[in-house]
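This report goes through selected contacts and strand pairings, one topic at a time. The sequence and structure are shown first.

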Amino acid sequence: QVRLVESGGGLVQAGGSLRLSCVVSGTIFNVRAMNWYRQAPGKQRELVATIYGAGSTTYADSVKGRFTISRDIAKNTVYLQMTSLKPEDTAVYYCNSVPFWGQGTQVTVSS
């Protein structure tokens, strides 16, 4: 059974940083594409960042240059380092590896 467990969310002031973690179990971690999504209140869930099996990465335009997705294969963990956070980054952040989802972690950025 595949499980994704996120952590690292919280409350931060605008301009601050947070690092989200997603521990993955029950799958061959290093060959799967891993995604971070987010969903703000009243909005659709949106794809934030992806790291592919070969290690390449892609980002939404809204976070490019501020967020970095990475992984530690030995720890079966994928990270989302978020810097220069803005109030509009406030959302529940979800780890995803199709078709599996984590439970989400809340990120709140105060102005």
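Which polar contact does the side chain of T77 have with the backbone oxygen of K75, and at what distance?

## T77 and its backbone contact

The model discussed here is predicted. In it, a polar atom of the T77 side chain lies 2.8 Å from the backbone oxygen of K75. T77 belongs to strand β8, which spans residues 77-82. The relative accessible area of T77 is 5%. Because the cut-off for buried is under 20%, T77 counts as buried.

## Salt bridges

The number of salt bridges comes to four. Two of them involve R38: one with E46, where the closest N and O atoms are 2.6 Å apart, and one with D89, where the corresponding distance is 2.9 Å. R38 is in strand β4, whereas D89 is in the loop between β8 (77-82) and β9 (91-97), so this pair ties together parts that are 51 residues apart in sequence.

E46 is partly exposed, at 32%. Through shared partners, salt bridges join R38, E46, R66 and D89 into one network.

A further salt bridge links the side chains of K64 and D61, with an N to O distance of 3.0 Å. D61 is exposed, its relative accessible area being 65%.

## The disulfide

The model has one disulfide. It joins C22 to C95, with an S to S distance of 2.1 Å. The torsion about the S-S bond of C22 and C95 is about -80°, so the disulfide is left-handed.

C22 sits in strand β3 (residues 18-25) and C95 in strand β9, so the bond ties together parts that are 73 residues apart in sequence. Both cysteines, C22 and C95, are buried.

Strand β11 covers residues 105-110. In a regular strand the side chains alternate between the two faces of the sheet. In β11, the covered face holds T105, V107 and V109, while Q106, T108 and S110 make up the uncovered face.

β11 pairs with two strands described here. With strand β2 (residues 10-13) the pairing is parallel and runs over four bridges; in this pairing V12 stands opposite V109, a residue of the covered face. With β9 the pairing is antiparallel and runs over three bridges. There V92 stands opposite Q106, a residue of the uncovered face.

## The loop at K43

Where does K43 lie relative to β4 and β5? K43 is found in the loop between β4, residues 34-39, and β5, residues 46-51. The residue is exposed, with a relative accessible area of 58%. The cut-off for exposed is over 50%, so the value of K43 falls in that class.

K43 and V2 are 41 residues apart in sequence, and their C-alpha atoms are 27 Å apart in space.

Definitions and conventions. Residues are numbered from 1 along each chain as its sequence is written. This is a predicted model: local features need pLDDT of at least 70, side-chain atom pairs count only at pLDDT 80 or more; totals for chains, interfaces and linings use all residues. Side-chain values use heavy atoms; hydrogens and water are left out. Buried means under 20% relative accessible area, exposed over 50%, partly exposed in between (1.4 Å probe, protein chains only). Two strands pair if DSSP finds at least two bridges between them. A polar contact is a pair of N or O atoms within 3.5 Å; within protein, one must be able to donate a hydrogen and the other to accept it, and residues adjacent in sequence count only if both atoms are side-chain atoms. A disulfide is a pair of cysteine sulfur atoms within 2.5 Å.
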